[in-house]
Amino acid sequence: MFFCTPFSHIQLVVSYNIFKNSHRFTKMNWIHFWSLALLTNHVRSEVASPSKECPNGGKCTLPIWCPAHVYVKENEKEYCTINNNPRGICCNTGNKFMPPSPSSSARYNPETLLDSKTISAISRQSADSLEELRSNEHRLHQFAVLSETSPDFGLFTNSRTFDRAELAKVQHLADRGRRIALATNAFKKRRSLSDDQFDRESFEIASTSLSEDCLPEPDCVEELAVYRTPDGSCNNQQHPTWGQALTPNTKLLLPAYEDRVFEARKFSVNGQLLPSARTVSSRLMKNKDVFNGNYTLLLAQFGQFIGHDVSQSVDHSFRNSSGISCCTDSGDHWPERLQHFACLPIDVPPNDGFYGRHFGRRCMHFMRSVFAPDHDCRLGYAKQLDKVTHFVDASGIYGSSIEQQSDLRTFENGKLKVFHDFGRKLLPLHEDSGPCISDRGGSACFKSGDTRVNSLITLTALHTVFHREHNRLAQALIEINPHWTDETVFQEARKILIAELQTVLYREFLPLVIGLEAMDLYGLRLQEGPVYATDYDPEIEPSVASEFTAGAFRFGHSLIETTISLSKGGRVDQVLAFVPETMNYPSQMRRIDIFDMILVALITQPVQQVDENFNENLQKYVFRFGNCFGVDLISINIQRGRDHGIQPYNRYRELLGLQKFTSFADFGPKYAKTLASIYSSVDDVDLYVGGLLEEKAPGAIVGRVFQHIIADQFARLKKGDRYFFENHPSINPAYFEPAQLSEIRKTSMARIICDNADRLALGMVQPEVFRVPSPWNQPVDCRSNIIPSIDLSKWKAIPTDADYDEYDNVVME
Ligand code: HEM
Ligand SMILES: [Ca+2]
């Protein structure tokens, strides 16, 4: 027990937790734009003919796939119908989100102005600027190192790279991204480009010396492309870096960077400073637990697992991997000259009810995400690096590089390494305790495909489920095909596991989050039986958007209940305050019955509503571990949005073809007054904030704006993934046979949990595990066949080339 004096009520909170614990266009450029426009072709064919839909030409697309329309005057927009939904827009505008210029003579075309003199000048300037930043960083290394016992270090751990070689790779790419951003800035200044000119134009650098900083092209070897590559490269044959690990997040709208190039959003549309992210969080968000009685905590846990599969932003760090502190130890701002260039600390007002008044803090640590060079070799605004493969490919289990994958494999019988803990198979242990807090005996620190595996014990449990599922599949496959090599077993088991994950995501999880209407509007439903899908489109850019990962998909933080009741034989055995007491401290996984008990809690405890109410722990104690206070995750989310240059909420209403809000009252009477006292304009409200306050869309647990951003993302991740499990053999080299497809479609999260639990404290599950048990969803015995299993005998022997011809005869819908 520790004391957080002199603040007695805090002490109460702390001891309460312990008590509980002790019981137990470019840039989403025109290619992207047209690709998305093309994507809707098949949707369109189901509705009226194109000419009827868009009399003046153009394609009828969902508004989010036609970002340029936000620049078209309202009375000039043409709306059309998609899938019987009057939400479509006739799209005939293109480059860089912008409508075509009224006359070509008015066009400013600086591309031709990129002469060698300009190039060498901006190249030198950016190299010098980076050098200066580096030497400044070097100086800070003397004193601005994050203390390893601070909550801020816990936050840093979430994005940290532990492997030295990998760190060098990340830093190398981050440097390239930064140099291009600096060169862009230098160019914009040198040419005195207005913001509009900058936004409209495209500055090719492929044939210049600056191209050294462009994204390296992967080496795609067709023979090796039978299965997905570990890093997601070569998925798209024309654009082999699309979706690859260590490539940038895309943007749905031109970013709201203060300088249009890379500076975080800082000012209101009225020119004043935006309210501090902490002010927004503390004044608007409430510590209240409002439950959604229909869905289980697994919805949140699976959501986080998927979020991690597709995205991991990386905070800047020192070269040697230690963390950079953006506030002094006592919680003040550094004087400007001592602040790291990538620090974006959050102001804590003196009257802040928690951090301010009780702990005297005025500064909340926040480090910006590193940039990555873009796919197209051009000058342009900065995009943030995504460290993992963008595709939904179980990278959380297998890693996002060949090195990581090899490190996780046994190379025997296709299995992944495990840690045998007195007869129970857990995730393998990490070589050192780096990613974990390990100041107690019996501690454990696990290794998986994702470095965040230890961050939350329920997440560790879900990783363990899928990890065991891989080995279960591998075991079954080798029994059916004893002659298969380790490599074949590994790849086939991985392929099945990814298919299962995609099935659970698109069939069970997404409909509950975004509702069936959006599933249909975006063509997200899976096929049934032995039928192949037909919607792969190589022009679709799958990359994860900043708006998704630093905004909409963090809706999950509002779902979280931070205490879980562990029951045995129907009785509560222990109450686990899993946030923040088990963050980066997963040692309890070693308790014999805890894995099952966590799974039971996940499939029985309800989630909370997505709204302005957050569990208190998430706003005060994240990564606290032994400290009196932790991180406010909500402030961090808001600041992350500004860091990534995400536009304010209202711009996304516009993008989606919804009415823009004209006053705070449009958010509803409940929020209008508070919002007006925080923001100076309705056009300033951050995407994350507006999205949470929104009225829920019919059948969805999120509002319209989040619903569309999430639907768009999963549509692009499905239709832009050549290896998506249900793609036809003519598209997908790792296709399934029709009979295998039918089996895959029997997948359920319930069966996956049943098959991989220890079956010590879990013997029954309800068929729909994302919904709470009910008379219509009654728990059944895992041993019964009520919850179907996949018949792996359909995997006997690999199909040969001769079999291939047969697929042409398979009926395609
Ligand atoms: C108690 C549970 C959770 C905790 C403590 C937690 C904590 C965090 C933290 C510390 C970050 C990094 C924040 C930053 O530096 O910007 C983060 C990012 C994120 N979280 Fe959560 N999270 C939780 C649950 C969830 C859930 C349920 C979801 C979704 C359903 C989710 C989705 C995300 C996403 C998409 C990101 C961004 C990842 C990236 O691109 O780097 N999280 N979370
Ligand atoms: Ca992935």
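These entries record what I looked up in a predicted model of one protein chain with a ligand.

**Ground rules.** I number residues from 1 along each chain as its sequence is written, letter chains from A, and number ligands from 1 in the order in which they are written. For local features I need pLDDT of at least 70, and I count side-chain atom pairs only at pLDDT 80 or more, while totals for chains, interfaces and linings use all residues.

**Overall make-up.** I found 27 helices and 20 strands in the protein chain. These are DSSP runs, numbered from the N terminus: helices are H or I with at least four residues, strands are E with at least two. The chain has 813 residues, and 54% of them are buried. I call a residue buried if 20 or more other C-beta atoms lie within 10 Å of its own, exposed if 12 or fewer, and partly exposed in between, with C-beta atoms placed from the backbone.

**Domains.** I looked up the domain assignment, which is an automatic or database one. Domain 1 covers 46-101, and domain 2 covers 395-604 + 708-795. Their C-alpha centres lie 38 Å apart. Five residues from domain 1 and four residues from domain 2 make the contact. Contact here needs C-beta atoms, placed from the backbone, within 7 Å. On the side of domain 1 that touches domain 2, I list three nonpolar, two polar and no charged residues. My classes: Ala, Val, Leu, Ile, Met, Phe, Trp, Tyr, Cys and Pro are nonpolar; Asp, Glu, Lys and Arg are charged; the others, Gly among them, are polar.

**Shell of ligand 1.** I find 22 residues around ligand 1. To be in the shell, a residue needs its C-beta atom, placed from the backbone, within 6 Å. The closest are Gly 303, Gln 304, Gly 307, Ser 311 and Gly 556. Helix 10 (297-310), helix 16 (556-559) and helix 20 (633-643) each give two or more residues. The largest share, four residues, is from helix 10. By class I get ten nonpolar, ten polar and two charged residues.

**Helix 20.** I checked burial here: eleven of its eleven residues are buried. Among them are Arg 640, Arg 642 and Asp 643. Just after the helix, Gly 645 has a positive phi of about 70°.

UniProt, in an unreviewed entry, puts a "binding site" at His 557. Such annotations may be inferred rather than shown by experiment. I place His 557 in helix 16. His 557 counts as buried because it has 22 C-beta neighbours inside 10 Å. Leaving out residues up to four places away in sequence, His 557 touches Phe 614, Leu 618, Leu 633 and Asn 637. Leu 633 and Asn 637 are among the buried residues of helix 20.

Definitions and conventions:
Contact = placed C-beta atoms within 7 Å.
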